[in-house]
Amino acid sequence: MPAALCGVVGFKPTAGRLSNSGLLPLNWTVGMPGILAATVEDTLIAYAAIADQSKQSPLQQPELNLPMLTRTRSMPSIRLAKYAKWFDDSSEDIRSLCGKALQMLRTHYGWESVDVTVPEIEEMRLAHYVTMGSECTASLAAKYLDSMDRSEVGWDVRIALSAYGSFSSRDYLSAQRLRCRQMYFHEKIFETADAIVTPMTGVTAYALQDDALRTGELDYINGAALVRYSIAGNFLGLPAITVPVGYDRGGLPVGLQFIGRPWSEATLLHLAYAMQEACGKKVHRKPKVHYDLLTKE
């Protein structure tokens, strides 16, 4: 999601592929590390460097497979699953740019889109929220929340903590049942498609409200639109990658997302590289404030 907002590539492998060692386990079943990089090539280099290839992995993950991106054009026909109602639940500019990007893949590579339905998306969103909130609260409770002066934090944090603290163990268990149900739905989609394609966010980056520094950020409408398409990757632990596909009328970046079956990182990197090549240089603009760390003074 942050990658799409700033016009770069974002890559989150299958849960467990990148080590969480050294990270505070705020969300032990939802939060996981990922990669932000300027290009798909850079993303692949970072992934190869930090992927967990330990033989002690409790997930029995398959051997790491690093793709040769120059072989992308020789890939067999790819089928991209698209749930139109979900795909189109975004701003007009995002919907248009992502639709054109899909058409480019058909033109350049002959890959096809297949219409699917992802059932119970709203229920999945709520289950993700309950899981994330419950795990955050449990993780922070003993060390921070019991001694925290809530008058010192913004209203946004206070509202979130009140909501998170209202969830019961029964709510958490119900959310995990919905997680298993959604895994089944997604597995059925992957029986007929190589990846699910969506916009990365429902809106582009938006201006903070004037009182955000005083009260915290309380724009939940835009906030919900930002995370609309990241739930499957976070909640279900599926690998996902986003690649820039253009700019809206305000000059803000737009990203297209590919969600894959577990351990399909190599396929997703190929798809992102294909999208990057099809879009060409028009999706890369130098930021207004730019520091080239590789240039010698």
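**Exercise 1. What span should the 21 residues of α5 have at 1.5 Å a residue, and how far apart are its end C-alpha atoms?**

Before the solution, some ground rules. This is a predicted model, where local features need pLDDT of at least 70 and side-chain atom pairs count only at pLDDT 80 or more, while totals for chains, interfaces and linings use all residues. Residues are numbered from 1 along each chain as its sequence is written, and side-chain values use heavy atoms, with hydrogens and water left out.

Step 1. Helices are DSSP runs of H or I with at least four residues, strands are runs of E with at least two, and both are numbered from the N terminus.

Step 2. The expected span of a helix is 1.5 Å times one less than its number of residues. For the 21 residues of α5 that gives 30 Å, and the end C-alpha atoms are 30 Å apart, so the two agree.

**Exercise 2. Work out which residues of α5 are buried, and follow Thr131 in particular.**

Step 1. Go along the helix. Ile121, Met124, Ala127, His128, Val130, Thr131, Gly133, Ser134, Glu135, Cys136 and Thr137 are buried.

Step 2. Ask what they pack against. With contact meaning heavy atoms within 4.5 Å, the buried residues of α5 pack against α3 (84-87), α6, α7 (169-190) and α10.

Step 3. Zoom in on Thr131, which sits in helix α5. Its relative accessible area is 0%, so Thr131 is buried. Leaving out residues up to four places away in sequence, Thr131 touches Thr29, Val30, Tyr172, Ala175, Gln176, Arg179 and Phe235.

**Exercise 3. Describe the largest pocket and the largest cavity.**

Step 1. Define the spaces. On a 1 Å grid over the protein atoms alone, a cavity is a set of points where a 1.4 Å probe fits but cannot get out; a pocket is an open set with protein on both sides within 12 Å along at least five of seven lines; lining residues have an atom within 4 Å of a point. Grid points are joined across faces, edges and corners, and a volume is the space filled by probe spheres set on the points.

Step 2. Take the pocket. The largest pocket has a volume of about 1,100 Å³. Its lining has 41 residues, with Met1, His128, Val227, Ser230 and Asn234 nearest the centre. Elements giving two or more residues to this lining include α1 (2-6), α5 (121-141) and β6 (240-247). The largest share, 5 residues, comes from α6.

Step 3. Sort by class. Ala, Val, Leu, Ile, Met, Phe, Trp, Tyr, Cys and Pro count as nonpolar, Asp, Glu, Lys and Arg as charged, and the others, Gly among them, as polar. The pocket lining then splits into 25 nonpolar, 11 polar and 5 charged residues.

Step 4. Now the cavity. Searching the whole structure turns up 1 cavity of 30 Å³ or more. The largest cavity holds about 40 Å³ of space, and Pro13, Thr14, Ala15, Gly16, Arg17, Leu18, Met32 and Pro33 line it.

**Exercise 4. Track down Glu120 and Trp263 and check phi for each.**

Step 1. Glu120 is in the loop between β4 (112-115) and α5, and at 26% relative accessibility Glu120 counts as partly exposed. Its phi is near 55°, a positive value in a residue other than glycine.

Step 2. Beyond its neighbours within four places in sequence, Glu120 is in contact with Leu178, Arg181, Gln182 and Phe185. Glu120 and Gln182 are 62 residues apart in sequence, yet 8.1 Å apart in space, C-alpha to C-alpha.

Step 3. Trp263 lies in the loop between β7 and α11. Though not a glycine, Trp263 has a positive phi of about 70°.

Technical notes:
Buried < 20%, exposed > 50% of the residue type's maximum accessible area, 1.4 Å probe, protein only.
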